[in-house]
Amino acid sequence: MRSRMKGGICSGVLLFLCTFVRGQPSCPVETISTELQNPNVKPSQLTFNSAFMSPIVHSFLGSVQPKPFPKDLLVGLVKGNGTIQTDMIKEVLLYEIGFLVCVAIGILYIVLMPLIGLFFACCRCCGNCGGRMHQKQKTNTHCKRRSFYCSTLIITALILAGNVCMFLSSTYTSETVMGSPTEINDILENVKSYITTLPEQIRQVTNESSKTVDKVENNLNKTGPLLGQAIQNGLKGALDPAFTSINEIAKVINSTSTGLLQLNKTLDLLKPKVDTLKANLSAVRHRINNTLHMSGCENCTSFQPELDKLSLDGSLEFSDQNDLRSAVDKAINANVTGQAEKGRDFFDSIPQKVTTQTISSVILAKYELDKLKQQISGVTKDLPFDALENISRPLTDVQVSISKYSPEIERSSQISRAIGLTLSCLILLVVICNILGLLLGTAGLNAEDNPTERSGTSNCGGIFFMAGVGFSFLFSWIFMLVVLILFIVGGNTYTMVCKPWQNKELIQVIDTPGLIQGFDLSKILNLKTNLSIVNVYSDCQNNKPLWTTLHLNEVFDLNNMLNVSKYERQIYQSFEDANINIATITVLSPEVKSQLHNFSSSASTMNFSNIIQQINDVSGTNLSSSAEMLDDLAGKQTNAIIREQLRGEAKDLRDIQTDITSNIMPLLLELNATIKNLSAVALQINATVENVLTNVGHAQDVLNYNISQIVKHESLSFIDCQLKIFQAYVSWANQTITERLGRCGPVAAALDRSVDLLCKHLVGSLNAFWFSLGWCMIFLIPSIIFSVKLAKYYRRMKYSDVYENNNIKMHSFPKAQLKPELLENEKQPPLHK
């Protein structure tokens, strides 16, 4: 026993030593959701019981044995090693006084019933004890018959009720015996499953620790990506706005450059056409002026003001464009996008730099984890699981023995069923005789008939009553013998085993110090607390873990065993010693910043309103009205030559207007759209450049002054995250060991099922059977009495109680010659012819 307990203790030690590491590969650490393997519990297949009789039987046994459980007497018998002293015998007899009285009554019943039956039979043969076939006729005869009838009916019903209970309890007993091998096998299988599951649970905790070590090692192998990404996240808040704003200003520069190119392209197409237009308009204007000054031109001076307006304003010369073009070209040559790409490349290279610079720290940390893993594996190898196998092996042997003897048990079940059925049928035979007697006697009886003239049906009913009496005398003493044997066995089993087990008095006896030599749980486990079997059993009934049930906190210092500070310090120190140096870069050089400033100032000084005004001046030229006025003037002329010249010049103006509309206006509209786009972009340039310089300045400050702090902070956070993985496992393992590991509910359940099989099913049904049979035996006595009394009222009598004959002369003769029945009624004997 001591070796087995040590094996269990070592099993617990493994759980404590293997609780160093567990967690998730990232923070925050997730709660471990691993569920321990539970024993495979097979439920009981015994659904029948004798609970309907238990209260009555237990009440009767409580009356027979009202004394408390003899704990001291039982302890004395066990400690005496089987030596029985006179005082002990007296104490046993005094304790069993109630059973002895019942046994004496039973023996008296067994002895007297056949003797009384024998005397009764002899007496009947001599014409006594109701054997005389003569019945007195009195005024209360019918009342007495009805009284006997009702009494017999009630008693028969009570015997029938007991007979039904006999049949049911007999069936339950045989079914219990039949199912007991399977039930015991399932109980043992549940215990074996618990014993098998215990090391599996230990292995689960061990495997979980190994998985956690592997996960931490995997995290360490990915130090570059994980820690590098953490450092990137620390820098992202400053670098991302800078890179984003650089990309935005690059887009603005490209948009401006594209707009300027489109502007130059449009101007290159527009200027030659505008120059040609101006030349043509100037020539037409000159011709009109000459015509107006001809001598024959009438009222031509009125057109002179309109002629002065005929000009094409707007030079379409944009001097600011060249300055902006130069600034844009310089900004493009500064390669702002390239500068941003260099910063992005630096940002993306951080994980690789971290990987390179933490190789030695990772190797040292993995070395510590390998030592931890080897230590856990070593403890696992030394764990004595053989102790559990030694417990499981005898259980398997018992199962084999049960399987071997199952046919004999099944045969005994069939025998018990046959015996119970036979006894029930014999009692039922008496009940049937009484019922037939009651039915036939009542059906065939006519109250006005002379007793000598009763019908055969009535006579048959009386015979059935006497048959029932005969069966009662024949079998009742045998039945009482069965009752006595089963009463002694079943009653004492209930009072000495079942009842004290329910009250836990029997466990207290087993828990008595010194009762079992060498068995002391507290000493075996080296506990300071007095650990009793009662407490262990109660804890197991509540399905508490072994840590609580066996008070293992007094044997093992769980907090010390779960102390992982040694490994934490080593891993922490290895990363503290690592010198992670992330070289800084310049996001934007001073030259680039200067070009951006120049670009911003050039865009802000460009006069887009002047450009738009010149475009409007060109597009606002309208020669059609002047042509109309020339046509009107031509219509007023009397000189045909002048009239035709003026009309020709009006046509020239219309042609020039058509050329403006078809060739000049589309280009002007395109130029106007380009200028508006450039103007919209230019409005954003100043703010965008300012945003770029601000964000880049902030990012540069972070790179210059804060990157070392960020690297250090993220490195410590990375290590803290790995240590949280350790701590998460420690917390899970602590809770698992103290609250979930080895819940001994299946063991208590197996013990309770064993007691239920013995007490609730087997002893309960057995006690119900003898109680029901004894019930019938008790009521057989009044059944015999009333059946004999009632049979007299149904059987056909040989002699009549009244005789009258006035035609025959009566002669006196000595009374000594008369028969007794005639003397009683003072009548003459019948005459024989």
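Guide: The link of Cys 498 and Cys 759 is left-handed, with -90 degrees about the S-S bond. This is a predicted model in which local features need pLDDT of at least 70 and side-chain atom pairs count only at pLDDT 80 or more, while totals for chains, interfaces and linings use all residues. Residues are numbered from 1 along each chain as its sequence is written, and side-chain values use heavy atoms, with hydrogens and water left out.

Visitor: How many disulfides does the count come to?

Guide: A disulfide is a covalent bond between the sulfur atoms of two cysteines. The rule applied here asks for a pair of cysteine sulfur atoms within 2.5 Å, and the count comes to two. In one of them, the sulfur atoms of Cys 498 and Cys 759 are 2.0 Å apart. This pair links distant parts of the chain, with Cys 498 in helix H14 and Cys 759 in helix H25, 261 residues apart. Helices here are DSSP runs (H or I, at least four residues), as strands are (E, at least two), and both are numbered from the N terminus. Cys 498 and Cys 759 are both buried, where buried means under 20% relative accessible area, exposed over 50% and partly exposed in between (1.4 Å probe, protein chains only).

Visitor: Which parts does the pair of Cys 540 and Cys 744 tie together?

Guide: The sulfur atoms of this disulfide are 2.2 Å apart. Its S-S torsion is about -105 degrees, so the disulfide of Cys 540 and Cys 744 is left-handed. Cys 540 lies in helix H17 (residues 533–541) and Cys 744 in the loop between helix H24 (640–739) and H25, so the pair ties together parts 204 residues apart in sequence. Cys 540 has 9% relative accessibility and therefore counts as buried; Cys 744, at 2%, also counts as buried.

Visitor: At what angle do helix H2 and helix H25 pack?

Guide: Two packed helices are described by the angle between their axes and the distance between the axes. Helix H2 (residues 54–64) and helix H25 (residues 745–791) pack at about 80 degrees, with axes 10 Å apart. They are therefore roughly perpendicular to each other, a class that covers 65 to 115 degrees, whereas under 35 is roughly parallel, over 145 roughly antiparallel and the rest oblique. Ile 56, Val 57, Phe 60 and Leu 61 of H2 make the contact with Asn 767, Ala 768, Trp 770 and Phe 771 of H25; contact means heavy atoms within 4.5 Å.

Visitor: Which residues form an aromatic cluster?

Guide: Rings of Phe, Tyr and Trp (its six-membered ring) pair if their centres lie within 6.5 Å; planes under 30 degrees apart count as stacked, over 60 as edge-to-face and the rest as tilted. The whole structure holds 12 such pairs. Among them, Phe 487 and Trp 770 are edge-to-face, 5.0 Å centre to centre with 80 degrees between the planes. Phe 487 is in helix H14 (residues 456–502) and Trp 770 in helix H25, 283 residues apart. Phe 487 is buried at 4% relative accessibility, and Trp 770 is buried at 3%. One cluster is formed by Phe 60, Phe 99, Phe 487, Trp 770 and Phe 771.

Visitor: How many helices and strands are there in the protein chain?

Guide: The protein chain has 26 helices and zero strands. Of its 833 residues, 44% are buried.

Definitions and conventions
Axes are lines fitted to C-alpha atoms, for helices over the stretch in contact, and angles run from 0 to 180 degrees between N-to-C directions.
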